[in-house]
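Hi,

Here is the structure I promised to pass on.

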Amino acid sequence: MSIWWSLHLRREAASVPLARRFLLGTMETAGVDPDISFDLSVALSEACANAVEHGGDRTVLGESGDSGYGRPVADSGQYRVTAYLDGEKCRIEVSDSGPGFPARRALRPAAPAEQHPQHPRPPRDAEAESGRGLDLIQQLSDHVQFGNRPGHGAVVRFDKVLKWREGALLTV
């Protein structure tokens with residue numbers, strides 16, 4: 001058996017705990033190990049917070065007949081969370097309608113040393129705020145991909161191998 005769901009949420013801070021509780025409830029009902037559920041819920045919270053903060057107000061540049069200065073594009077004011085629990089894996093995707101990730105982050109799967117907390121990470125500037133949530137998602141997940149959907153915003157995909165409680169409903 002597998003479970004999947006998708007939420008369309010407003011880009012408001014109150015939507016972040018809603019998405020997190022929905023995921024935790026699904027995993028509890030299915031019988032996922034609480035430590036795995038917690039890791040994924042924290043990663044989801046970070047991805048949602050990023051969508052809320054950065055997921056709108058994009059600008060289109062350099063289209064035919066455009067002066068090159070860019071023009072605003074209608075912001076949907078929403079973002080989408082989709083989760084798949086299937087067999088041994090959970091995959092979560094958060095997509096928004098913002099400007100997307102900067103080129104250094106876009107369409108880049110996490111490097112192996114970034115994916116696993118047991119590998120040492122280079123020290124970060126303590127004052128640097130940007131990217132901390134994305135780094136946390138990488139540390140809590142088994143596989144992460146950051147990408148831009150041309151003309152549609154950013155997408156964060158991450159997955160993790162599941163462990164099940166004894167007697168779980170969705171065991172493999």
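R80, E93 and R157 are linked in a network of salt bridges (a salt bridge being a side-chain nitrogen of Lys or Arg within 4 Å of a carboxyl oxygen of Asp or Glu). Bear in mind that this is a predicted model, where local features need pLDDT of at least 70, side-chain atom pairs count only at pLDDT 80 or more, and totals for chains, interfaces and linings use all residues. Residues are numbered from 1 along each chain as its sequence is written, and side-chain values use heavy atoms, with hydrogens and water left out.

E93 sits in strand β5 (residues 89-96) and R80 in strand β4 (residues 78-86); strands are DSSP E runs of at least two residues, helices H or I runs of at least four, both numbered from the N terminus. E93 is buried at 16% relative accessible area, while R80 is partly exposed at 28% (buried is under 20%, exposed over 50%, partly exposed in between, with a 1.4 Å probe and protein chains only).

One more for your list: E28 and R165 meet in a salt bridge at 3.5 Å, N to O. That pair spans 137 residues, from helix α1 (residues 15-30) to the segment after β8.

In total, the structure holds 6 salt bridges.

Cheers
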